[in-house]
Structures are given as C-alpha cells and as structure tokens.
Amino acid sequence: MAPTRDEQHWMYRNMVTSRKFEETIAGIYFEGKTPVFSMADGPIPGEMHLSDGQEPVAVGVCAHLNPEDVVTATHRPHHQAIAKGVDLDKMAAEIFGKATGLSGGRGGHMHLFDADVNFACSGIIAQGMGPAVGAALSRKMQKKPGVGVAFVGEGAVNQGGWHEAMNLAATWKLPFVCVIEDNDWGISVSKGDSTAISNNADRAAAYGIPGVRVKDNDPYAIYEAAGEAIARARAGEGPSLIEVETYRLAGHFMGDAEGYRPEGEKDALFEKDPIPKMRAKMLADGIASEAELEAIEAESAARVEAAIKFARDSADPAPEDALTSVFA
Amino acid sequence: MNVPNERKLTIARAMAEAVQQEMQIDPSVFVMGEDIGALGGVYGNTRGLLEEFGSERIRDTPISETAFIGAAVGAAQDGMRPVVELMFVDFFGVCFDAIYNLMAKNIYFSGGNVKVPMVLMTSTGGGYSDGGQHSQCLYGTFAHLPGMKVVCPSNAYDAKGLMTAAMRDDSPVVYMYHKSLQGMGWLATEPGATVHTPEESYTLEIGKAKVAREGSDVTIVSVGLGVHHALKAAEQLEADGVNAEVIDLVSLVPLDRDTIRASVAKTGRLIVVDEDYMSYGVSGEVIASVTEHDISVLKAAPKRVAYPDVPIPYARVMEQFCLPNPDKIVAAFKDMKAA
C-alpha cells in the first residue's frame with residue numbers, strides 16, 4: 001500500500017513544517033541564554049527536545065489517522081503534534097509559555113494537550129502507553145470509531161509499564177498501535193548498551209501480536225507498516241507493534257554537546273536526512289513538480305513564521321492563573 | 001432505639017450499591033481492577049456487579065497497576081467514567097507515576113481542556129498483623145500531591161454518598177476505605193460503621209466535614225477508623241465530665257478548614273487522631289489550619305495521636321502499641337489539661 005499523490009504532498013508538507021518549526025525554535029532558544037548558558041532564561045525557557053530527523057515516523061503514521069483517533073507522544077513531541085493537526089499557533093504559544101497557549105502556559109513543550117484533535121504528550125518514558133491503551137478501550141466499549149496510538153522511543157521498551165500496557169492491549173484485543181521511534185539513543189546511552197535485543201519488533205511475539213521493524217527512516221515504508229497496523233486495529237483485530245529506525249539529528253536537548261556520539265555519526269546521519277530524500281523521490285517519481293515543492297516549502301515556512309509571531313506577540317499569563325485549573 | 005425502615009449496610013455493600021445504581025443510569029461508568037469480577041473485590045465493594053453488568057463493564061485486570069490506572073486516565077479523558085481499584089494502598093509504589101503524574105496533573109497541564117473523571121478506590125489500614133506492605137494508610141501521601149480529591153468515609157451512609165459524588169465528579173477522586181470498617185467476613189469490623197443507608201441514590205458533598213458529636217471542651221479531629229476511636233474516647237471523657245466534639249473530616253482534599261476552625265474556636269482545644277504516619281501528614285496539616293489562622297483561640301498546645309514514624313510491624317503487640325486507640329486519645333486530653 002503506497003501513499004497517494006495527495007498523501008505524499010501532505011506527508012512532505014508536514015515534514016517540512018515540522019523541520020522548519022524546530023529550526024525556528026532552535027534559533028530562538030538561545031536568545032537570552034548567552035554568553036552564559038542558563039536554561040531558565042530567554043523567551044523559551046526549560047528543556048527543549050527537538051525532533052529533527054524523526055519526521056518520517058510522524059507523517060507515515062498520522063497519514064492514516066483522523067482527528068478522532070487518539071495519539072499520545074513523548075517528551076520529543078513536536079513532529080507528531082504537527083502531523084496530528086495540533087493548532088500550531090496555540091502550540092507555539094504554549095512553548096513560549098503564553099496565555100494563548102494550548103494550556104495557557106501550564107504545560108509547556110512536554111505537556112501539549114489539544115483535545116480537538118485528541119493529542120497529548122508527556123515527559124516520562126513510556127508514560128503515554130496506558131492512556132493510549134485506555135482510549136482504545138474507551139472506543140471499543142463505546143463502539144465508537146477511533147484507534148489509540150502511542151509513540152514511544154526505543155528506550156521505553158525497557159520500562160515495565162510498557163510491557164504492562166502491551167499485555168493489556170493484547171489481552172483485551174484493543175484498537176491500539178505502539179510506534180517505537182528508534183533513534184538509537186536514550187539521551188547518551190546507545191540502544192546496544194541498554195537493550196538485550198536489536199529488533200524491538202520481536203517483542204511483539206511476547207504478546208501474540210504482529211510486530212514490524214521499518215529500516216532507514218523511510219516514510220513510504222512507515223506509511224505501509226502503519227497502514228496495515230491501523231487497518232487491523234480499526235477492523236477489531238487487535239493491537240500491533242511497529243519499530244522504526246529513525247535518526248535524531250539534534251541532541252537529546254538543546255545544549256547537549258553530544259560528546260557520546262561516535263565521531264562522524266552525525267555527518268553520516270545528515271547525509272541520510274529524510275526530507276531531501278523524500279523531495280528527490282517525489283520529483284523522480286513525478287509526484288510533485290519543483291514548483292509545487294517550492295510552494296509547499298514556502299507555505300510551510302510562512303505557517304511556522306505566523307505561529308511564532310502569534311506566540312511572541314501574545315501576552316504572558318497572569319501569574320495568579322497558576323492557581324486555577326487544578327480541578328475540572 | 002428502633003428506627004422505622006432502618007436499612008443498615010456495611011461500607012462494602014454501600015459502595016457496591018452506589019456503583020450499581022450509577023452504572024444503571026450512566027453507561028460510561030465501568031469498574032477495573034484486580035479480582036473485582038467473579039470475586040466481587042477482595043473487600044466486597046464490587047460484589048454482585050459482574051452478574052448484573054457482565055465482564056465488559058466489570059473488568060478484571062492483570063496484575064498491572066501501571067497499565068490499568070494509566071488506561072483509566074486515557075478512558076476518562078475519552079468520555080468514560082472509570083472506577084479503578086488499587087487493592088491495597090500500599091501497592092501505590094508500583095504505579096504512582098500513573099496516579100500523580102497523569103491522573104492528577106492532566107487537567108492542569110491541559111489548562112482545563114481535558115477532564116479526568118475517574119475514581120481510584122483503595123483500601124487502607126492495619127491492625128490485623130498483615131505486615132508493613134499491607135497495612136498502611138498513606139492519607140498524607142495522597143492528600144499532599146495536588147490534583148486529586150481525596151475522600152475517606154467512616155460509615156456506610158457517607159460511603160455511598162461519597163462514591164456517587166466521586167463517580168459524578170469531573171476530577172479524579174481517590175476513595176480511601178478502611179479495611180476495619182468494611183464489613184468483611186474475614187476481618188472484624190467496627191460496628192459503628194454499619195449504619196442506616198437509604199436505598200435511593202444520593203450524593204455527599206466532597207470537601208465537607210461533619211460534626212460527628214457535638215461538644216464544648218475539646219475538638220477531636222479524625223478520619224475513617226479514627227473517627228470511631230474519637231467517638232469512644234469522647235464517651236470515656238464524658239464519664240469524667242468532659243464534653244468532647246468530634247469532627248469527621250470525610251474529605252482530606254479539599255480539606256474543610258472552616259469546620260475545623262469553627263469547632264476549635266468553640267472548644268479551645270485540639271487533638272488530631274491519624275492512623276497514618278505522624279510526620280508531614282494530615283495531623284500536622286489540621287493543626288496548621290488552626291494555628292496559622294488564629295492561634296489565640298487555643299487554650300493549650302494541640303496534641304496528635306498518630307502512627308509513629310516507623311514501618312508497620314507484624315507482631316500483634318508491636319502493631320497495637322503503635323496504633324491510635326481511644327485510651328491514647330483520653331490520655332492526650334489529660335496531658336493537655338495537665339500542661
């Protein structure tokens with residue numbers, strides 16, 4: 001199953017938007033943080049985990065999702081949020097800690113909630129598994145359409161909660177898909193140094209469900225694997241597991257010197273940057289013209305620019321609003 | 001005294017009846033937990049529900065608290081109203097991330113755009129030599145962390161009304177029930193917990209304390225089983241001509257500080273009885289509620305009858321030495337008077 005022309009345009013557009021968003025955030029992040037780096041300063045304080053390089057996972061999966069489908073993501077959520085259709089203005093404003101943000105500044109970049117498109121992310125490894133499985137349970141019990149998708153990193157499969165949730169989803173045959181973004185690094189510890197097996201899709205066998213590993217960060221192969229898993233979930237045939245070999249082109253967080261990376265690794269990864277690769281393929285396949293691609297790129301850049309402007313121009317929250325919204 | 005049409009229920013029966021009645025009118029309510037199906041709950045609070053509602057809505061889970069509590073958060077955010085059981089509160093250690101980082105925080109993190117209408121019911125309390133991983137109360141642990149309402153009934157009437165209120169609340173409610181009040185065949189129950197409980201559905205306001213006994217000489221504040229200790233102590237004190245007022249907190253979050261303050265303003269003396277660990281907990285919070293508001297109402301320094309800061313021992317004599325009881329409350333009052 002290959003993506004249609006329109007789907008490929010959508011996938012490319014969202015990959016470019018995501019990359020542009022991250023590049024823009026990265027440019028702003030160090031404002032006010034020099035000459036002495038202090039995470040607390042500048043218009044975007046706190047930790048910042050960028051998703052450069054991991055865009056194919058988000059678009060290959062979310063191409064199959066509708067707003068009613070439920071996605072949980074991780075501490076590195078921007079590409080998935082964008083692909084799921086989270087309001088970009090409000091998302092940018094939340095990252096800037098503004099009153100107009102998704103949560104009025106209460107959440108920040110690791111806690112983006114957009115109920116309109118059923119997206120949420122959280123900051124602790126494997127934490128989104130339970131809620132996505134629970135959403136899948138809710139849909140099954142209510143006989144309502146929709147699947148639950150949990151994006152996790154490869155480090156998450158070494159958390160006990162990951163296995164509990166996989167077992168629960170499989171035991172109850174829920175419309176659930178777990179997508180592992182394997183960027184090979186849990187902060188500074190490589191997958192090989194932390195994980196007993198190299199292919200986490202093999203772990204699906206422990207739960208009696210299908211497991212697929214997608215190589216080379218290929219948006220087309222991800223699209224195909226996700227399409228099968230999500231169709232299976234929608235048909236009531238139960239959960240699936242997908243692991244994608246992807247690349248973290250940035251550090252774990254902004255400011256990460258990445259001294260743990262083997263020499264030359266980053267250069268090699270940039271050689272395989274999935275965005276120029278997809279661009280070249282679309283041109284070669286006659287899926288998009290140069291002019292169409294340039295238009296997508298210009299529109300994506302303008303969309304990001306508008307979102308960042310909205311965020312910058314928005315007011316700070318009233319400090320005392322910190323005391324509200326504890327309860328519903 | 002004979003009460004016409006009296007209908008005494010145990011807390012277990014009252015809880016099950018509340019869930020049953022809510023499930024009959026609200027299809028979004030369902031129950032998940034370990035041994036809550038065919039067994040009816042280790043503490044009987046889901047007894048009979050499987051037969052009426054089936055295994056889809058009365059859902060036995062694997063022993064995977066992180067997964068099913070996390071799943072309840074996801075289901076609650078998606079329009080369901082799950083009631084989940086953490087069999088012993090002591091087991092929170094394996095799943096607290098799902099409780100305090102997800103259940104308790106998602107409303108706030110979403111700026112109120114997401115609701116988390118779920119009930120986490122869990123058993124508390126020792127006194128029956130079950131050892132230090134099956135006997136704790138941990139009221140202060142849960143009440144300390146923002147984002148969760150916390151309730152703790154002392155009798156079946158309150159248990160039913162609190163459960164119905166908890167299921168209708170759009171915020172997460174931790175429902176802590178004490179094993180020694182539950183009315184189980186395998187564990188002695190405080191008779192005072194089994195009280196008249198109306199058949200029809202009703203709610204009790206969460207965050208509202210009750211004056212369990214009116215008095216003028218000392219205020220004894222407690223929750224759950226401690227309320228019964230306090231009432232018994234009050235009877236002993238009455239024999240000595242002391243008129244004690246007993247406040248049943250009913251809810252720990254929100255804490256009804258006004259009712260506590262009004263009572264202490266009247267009596268001038270305060271004793272807090274807490275089966276949870278003494279330090280950094282409910283007893284200190286209750287005292288602070290009074291002292292930081294108006295210390296001048298106090299005729300004597302407040303007293304605490306709480307569990308000492310040690311893990312809970314197995315040997316009967318050791319555990320009983322540590323637990324609050326009516327005699328300790330009476331002794332605390334006498335110390336207070338002597339000071």
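**View 1. The salt bridge between Asp78(B) and Arg139(A) in the predicted model.** The side chains of Arg139(A) and Asp78(B) meet at 2.6 Å, N to O, in a salt bridge (a side-chain nitrogen of Lys or Arg within 4 Å of a carboxyl oxygen of Asp or Glu). The count between chain A and chain B is one salt bridge. This is a predicted model, in which local features need pLDDT of at least 70 and side-chain atom pairs count only at pLDDT 80 or more, whereas totals for chains, interfaces and linings use all residues. Residues are numbered from 1 along each chain as its sequence is written, chains are lettered from A in the order in which they are written, and side-chain values use heavy atoms, with hydrogens and water left out.

**View 2. The interface of chain A and chain B.** Contact, meaning heavy atoms within 4.5 Å, joins 34 residues of chain A to 39 residues of chain B. The two chains bury about 3000 Å² between them, 67% of it on carbon and sulfur atoms, where buried area is the accessible area (1.4 Å probe) lost on putting two parts together, summed over both. Phe113(A), Met141(A) and Phe327(A) supply 22% of the area that chain A buries against chain B, more than any other three residues.

View 3. Among the buried residues of α6(A) are Trp162(A), Met166(A) and Leu168(A), buried meaning under 20% relative accessible area (1.4 Å probe, protein chains only). The cover over the buried residues of α6(A) includes α5, β4, β5 and β9 of chain A together with α3 of chain B, helices (H or I, at least four residues) and strands (E, at least two) being DSSP runs numbered from the N terminus.

Notes:
Buried < 20%, exposed > 50% of the residue type's maximum accessible area, 1.4 Å probe, protein only.
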